[in-house]
Protein chains: 2
Amino acid sequence: MSKKLTKRAEDYSKWYNELVVKADLAENSAVRGCMVIKPYGYAIWEKMQAELDRMFKETGHQNAYFPLFVPKSLFEAEEKNAEGFAKECAVVTHYRLQNDPDNPGKLRVDPEAKLEEELVVRPTSEAIIWNTYKGWIQSYRDLPLLINQWANVVRWEMRTRLFLRTAEFLWQEGHTAHATEAEAITEAELMNNVYSNFAENFMAIPVIKGLKTESERFAGAVETYCIEALMQDGKALQAGTSHFLGQNFAKAFDVKFTSKEGKQDYVWATSWGVSTRLMGALIMTHSDDHGLVLPPNLAPNQVVIVPIYKTDEQFDEVSEVANTIMSDLRARNISVKYDNRTTYRPGAKFAQHELQGVPLRIAIGPKDLENGTVELARRDTLTKEVVALDALTDVVEGLMTTIQDDLYKKAFDFRADHTTKVDTFEEFKDVLEKTGGFILAHWDGTNETEDKIKEITKATIRCIPEDSVEESGVCVFSGKPSNRRVLFAKAY
Amino acid sequence: MSKKLTKRAEDYSKWYNELVVKADLAENSAVRGCMVIKPYGYAIWEKMQAELDRMFKETGHQNAYFPLFVPKSLFEAEEKNAEGFAKECAVVTHYRLQNDPDNPGKLRVDPEAKLEEELVVRPTSEAIIWNTYKGWIQSYRDLPLLINQWANVVRWEMRTRLFLRTAEFLWQEGHTAHATEAEAITEAELMNNVYSNFAENFMAIPVIKGLKTESERFAGAVETYCIEALMQDGKALQAGTSHFLGQNFAKAFDVKFTSKEGKQDYVWATSWGVSTRLMGALIMTHSDDHGLVLPPNLAPNQVVIVPIYKTDEQFDEVSEVANTIMSDLRARNISVKYDNRTTYRPGAKFAQHELQGVPLRIAIGPKDLENGTVELARRDTLTKEVVALDALTDVVEGLMTTIQDDLYKKAFDFRADHTTKVDTFEEFKDVLEKTGGFILAHWDGTNETEDKIKEITKATIRCIPEDSVEESGVCVFSGKPSNRRVLFAKAY
């Protein structure tokens, strides 16, 4: 199998697809639109999960687990939510297969095992969860209810791409219940902040926080908060959303509580989620024509050591040094792997670890043993240096922070270079065509204009940025007055 | 809601169902046979997951993720496996709902969105995984392949019980591929040992390791290793299984490899799993008429501190001491919760923590402040003692080990008291009726006898114990010769 990647400038989309497969992150499966997440890809996802889970618990949330299936009658209870997901949901209609009398050795659905009520494979769990919350919430003492679930969900998308859009994906979904509107809004904002902190500080991906417009809102939400990242091809990627659901689900499922004062009211809700889509954001933010580039925080192995040797004796000597380095690095909580496979040559190992984005590579050969040095290579900059053995641990530890910071800075600078304020529609189209990226432009606030712009340019409003300042201007399309710029881009 | 439990001696089954719900572990959902795992129950499951995951990684396994759906044509490829699961599988036949023209506001399956090929919701993943492995394995260099998956699976069981038998459950499933038969058998045995270590040392549940008979084997396996535990009602519970699959799946999915010598052969396989059923084992091994009893290893909170006070000043003084205790305990990695809720009285808190099985409860009141003591209550023995504050951390730390060990010993002694060697079928029936438990008896090795015994007594062969000694005797039912005793019991 050729490990050579298509270059980004040649065909960005092909580069992405090849990279995902060749770096052993994921691959397509025998099931239309569903992926297999391979061990190396899953190890990165586990790192994301662990950090997010820690952040959720730190903010008072607990994990639970709700059923995979949603009975049709519950699914349709919140009308907008149902409408939003009905078009793309997998439906279980039978509970048994039987031998097919017409095809010996084959099975068929048993027509007698038809379910009385169809079950929808959850595309999201508001319905089944709010139906459950009805039994859990009676009084203000039961609130707030702060619950998260790690789960798989299914949305029958017609055009799928590994990690970015798959029929089944893994995610977490938080579902919270509150006594007041203000508290629910605060929660939705808090979790959007958790997501942006996670993206920026852990994944080294700068994001713009903001509010979705009505047409881009989650089906059933009153407001959708989001974080938007910019990929290297100038397209935006929605990396996480947090929804203020108002009392929509409480009303649909009749979830009321008695306040301290003895008054009955519907409960206020939020939901929020990030998914394996973050893997796509990670790949498309940092990687290059040589393969994956991983921030140290997300690397299953932060350092790999490759021995260079000709004789068994040399191998033993190198291994002894490697073992010392490993225990020194592990003592500082740096993960390190000694690639002592005898079935591959150093060149092949270098190529593999470069393709898989290991942040630092240490090579040790006989010459190094003589000099008391090693060769240290950085994946992000593709630079090498010779480092004295006795300084190595400190240097590596320092580089863990440096690389993490540099990757963020690089992505931040890229975004700054690809964010353009435009004031006319000609300019708008011109920027989109030439450089892509984020466009900050005035908009008149109507769905109609938003739709038209999308129709003509394929760009959508990614969000109304949280930090956008008041500024009077005129809508880039309709010329109507506007008092702040919103963020446009073509998006994944 | 009454927190009072039915007593075990009155109605064991009712006691179990009430305990699961009242201790906030799980509850039934709106979906037939599917449960909701509540935060407290899920926190215990997370502890199991973390420890098992650590053990799997320590033995060289990596996690990955495979699709939820299995296309029918793959599902039916390994005939015995298909036959075993076809009768109880959920089948997705459509991928869209639409507005129901006959029922405004309701949805129905869109008849035009019928899948060309039905998708089975995985009851187990051998088929989809071995179809994937075909692409991953070419040479001996790709072996062994040691992969685990944490996932949900669905088996459409007709009679369900929380944790013990549910239509959807959570589990891990390991799927490994090997170059030789011997290596695969060693792996299957190793993982059964991992399970028994986990059950005994982490969950404090003694288990019998052994081999299943042909009729109790996993559908598609050559041998099934298992661990069997004994519940307090004298019924057995299969707590984990590890299968040697021979070349069955490699042949069904045409997975061959080239050996070092250049020869082609089918790959050898294992699979192994434990599930949320372990929650049932945990509950039914240790708990009592007062509620859940948790071994310290599995307790989300190992210690709870309840303040006793009348005035705000007393509360502040007690809280100050509680805070010191908490930081001392946390410094020794003991998890502790300060139950300072003002909406509940101490009595209600005591009852709740007893019901939820918190291993140690510390109560602090004004009298304790004067004396420099606290009241320490053990959940497992329901005993209390007064402990000097300056000795508390050591005492608590010591009790963590003591309680863990005592629970194991208690369960071990119970099992010893409820394991009977019998030599006649009269005795066999008598023991089953009077005390239940494990029965060690000779068996002639035939399916026929096994079936007859099951038909008459409802007892099954739980396993042929690994440590059963050779001993000549005659089958308890047929009188035919036998050279070792096997383990019978009625089982969950």
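Mentor: We will take salt bridges, a helix, a charged patch and some backbone details in turn. The model is predicted, so that local features need pLDDT of at least 70 and side-chain atom pairs count only at pLDDT 80 or more, while totals for chains, interfaces and linings use all residues. Residues are numbered from 1 along each chain as its sequence is written, chains are lettered from A and ligands numbered from 1 in the order in which they are written, and side-chain values use heavy atoms, with hydrogens and water left out.

Trainee: What is a salt bridge, and how many salt bridges are there over all chains?

Mentor: A salt bridge is a side-chain nitrogen of Lys or Arg within 4 Å of a carboxyl oxygen of Asp or Glu. Over all chains, the count by this rule comes to 58. In one of them A:Glu228 pairs with A:Lys212, with 2.7 Å between the closest N and O atoms. A:Glu228 lies in strand β12 (residues 223–230) of chain A and A:Lys212 in the loop between β11 (208–211) and β12, so the pair ties together parts that are 16 residues apart in sequence. Helices (H or I, at least four residues) and strands (E, at least two) are DSSP runs, numbered from the N terminus.

Trainee: Are A:Glu228 and A:Lys212 buried or exposed?

Mentor: Buried means under 20% relative accessible area, exposed over 50%, and partly exposed in between (1.4 Å probe, protein chains only). Both A:Glu228 and A:Lys212 are buried.

Trainee: Which parts does the salt bridge between A:Asp394 and A:Arg332 tie together?

Mentor: These two side chains meet at 2.6 Å, N to O. A:Asp394 lies in helix α12 (residues 392–417) of chain A and A:Arg332 in the loop between α9 and β18 (336–338), so the pair ties together parts that are 62 residues apart in sequence. A:Arg332 is partly exposed, with a relative accessible area of 33%.

Trainee: How do I read the two sides of a helix?

Mentor: In helix α13 (residues 425–434) of chain A, the buried residues are A:Phe425, A:Phe428, A:Val431 and A:Leu432. They cover an arc of only 125° around the axis, which puts them on the same side of α13(A); the arc is that of the directions from the helix axis to the C-beta atoms. On the other side of α13(A), A:Glu426, A:Glu433 and A:Lys434 are exposed.

Trainee: Which residues gather in the patch of negative charge on the surface?

Mentor: Patches are made of residues with over 30% relative accessible area and no salt bridge, with like charges joined within 9 Å and nonpolar side chains (Val, Leu, Ile, Met, Phe, Trp, Tyr) within 5 Å. Here A:Asp312, A:Glu313, A:Asp316, A:Glu317 and A:Glu320 gather in a patch of negative charge. A:Glu320 is placed in helix α9 (residues 312–331) of chain A, and at 59% relative accessibility it counts as exposed.

Trainee: Where is there a cis peptide bond in chain A?

Mentor: The peptide bond from A:Leu143 to A:Pro144 is cis, with omega near -10°, and A:Pro144 is in the loop between α5 (126–136) and β9 (145–154) of chain A. In chain B, the bond from B:Leu143 to B:Pro144 is also cis, with omega near -10°.

Trainee: What is the phi of B:Asp24?

Mentor: Phi of B:Asp24 is near 65°, a positive value in a residue other than glycine. B:Asp24 is in the loop between α1 (12–22) and β1 (26–28) of chain B.

Terms used
Accessible areas come from the Shrake-Rupley method with a 1.4 Å probe; for residues, only the protein chains shown count as cover. Lys and Arg count as positive and Asp and Glu as negative; His and the chain ends are not counted. The place of a charge is taken as NZ of Lys, CZ of Arg, CG of Asp or CD of Glu.
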